[in-house]
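Work through the exercises below with the sequence and the model in view. Each task is followed by a solution in steps.

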Amino acid sequence: MIPRKNMSRVSPLLLILLALGFFFATYNLVTLIIHNRATTSSSVSISTSGSSSNGGGSEWFDPVKESNLVKSGDRKFHVALTATDAPYSKWQCRIMYYWYKKMKERDGSEMGGFTRVLHSGKPDNLMEEIPTFVVDPLPEGLDRGYIVLNRPWAFVQWLEKASIEEEYILMAEPDHVFANPLPNLARGDLPAAFPFFYIKPAEHEEVIRKYYPEDLGPVTNVDPIGNSPVIIKKSILEKIAPTWMNISLRMKDDPETDKAFGWVLEMYGYAVASALHGVRHILRKDFMLQPPWDLEVGKKFIIHYTYGCDYNMKGELTYGKIGEWRFDKRSYLRGPPPKNLSLPPPGVPESVVRLVKMVNEATANIPGWETE
């Protein structure tokens, strides 16, 4: 024990230096522990505000900042979307490609090449407008009328046959519009994905266990995602894709699974296939927004216009009922929407207004728009 009288002789400057020394030593130790815990966890969730948490309890780990430590070489990713040759698919692909070209050139983008993976088995009239790779559809009847089952089969063929320069791939869809320049959200071998509120593996554990046995781990190893949007290393997707295809076909063949998962069955197929390969995803809520439920675009990257946007002239949402004003992609199954769509009435969320303005800009600038 140090006598009190000796303490009075200690220089105040020395006490300050000692305190600072203990502070930095403690800070470095805590930082090291946090980093070690973070790197042992393989699935990370980030809220739109940027805060993060993961299954390992490392709530301090921010993969956005961490990614700056592991960036090396060219991190550009190849944009790939699967499509049919139906008019409904074509006009969406044209709008999607228009905004890809615009956002690719802006600061912050790490977009590389682009491919429309066309699973019609034959070329169509957009081959010269959009970079396209033709693959075969599933044998007739195998999709049981669920055309989305062609998606994993299309990726299997494309990955086997195409020459893809980029190390990473973004799996996208025709009804995606790039609202902001998209960086590579993946971190090393950890792919990045958007978490869907309606993909709930834990609530379907009995069904999931048919494809993901208990000895492989908890059902929470299955991420709440689909295959799109996902940014993933090409080498990892090459391993997942065949499993994704086979699992999806098995799910469709099983009446209980088919009933449980319905129109999102193929999304569960990708989630389970990833888990079977031990692949977890960084969950990025800012990856995408879905009008009319998400009200603002902000810094989010992709607008997904899968839901109908119906409003009365007071700007009030009338979802489930055709509105006095509406934008719904399903209104244009047989051909493209006209140019210069009317803007929503006052009071409609900014996300919907932005979407319609982006559609209008694309249709005004794509040559021969209304001839497709």
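**Exercise 1.** Is Cys-309 buried or exposed?

Solution. The model is predicted: local features need pLDDT of at least 70, side-chain atom pairs count only at pLDDT 80 or more, and totals for chains, interfaces and linings use all residues. Residues are numbered from 1 along each chain as its sequence is written, and side-chain values use heavy atoms, with hydrogens and water left out. Buried means under 20% relative accessible area, exposed over 50%, and partly exposed in between (1.4 Å probe, protein chains only). Cys-309 has a relative accessible area of 1%, so Cys-309 is buried. Cys-93 is buried too, at 1% relative accessibility. The structure holds zero disulfides, a disulfide being a pair of cysteine sulfur atoms within 2.5 Å.

**Exercise 2.** Where is Arg-144, and is it buried or exposed?

Solution. Arg-144 belongs to the loop between β5 (132-134) and α5 (150-161). Its relative accessibility is 53%, so Arg-144 counts as exposed. Although not a glycine, Arg-144 has a positive phi of about 55°.

Note on methods:
Helices (H or I, at least four residues) and strands (E, at least two) are DSSP runs, numbered from the N terminus.
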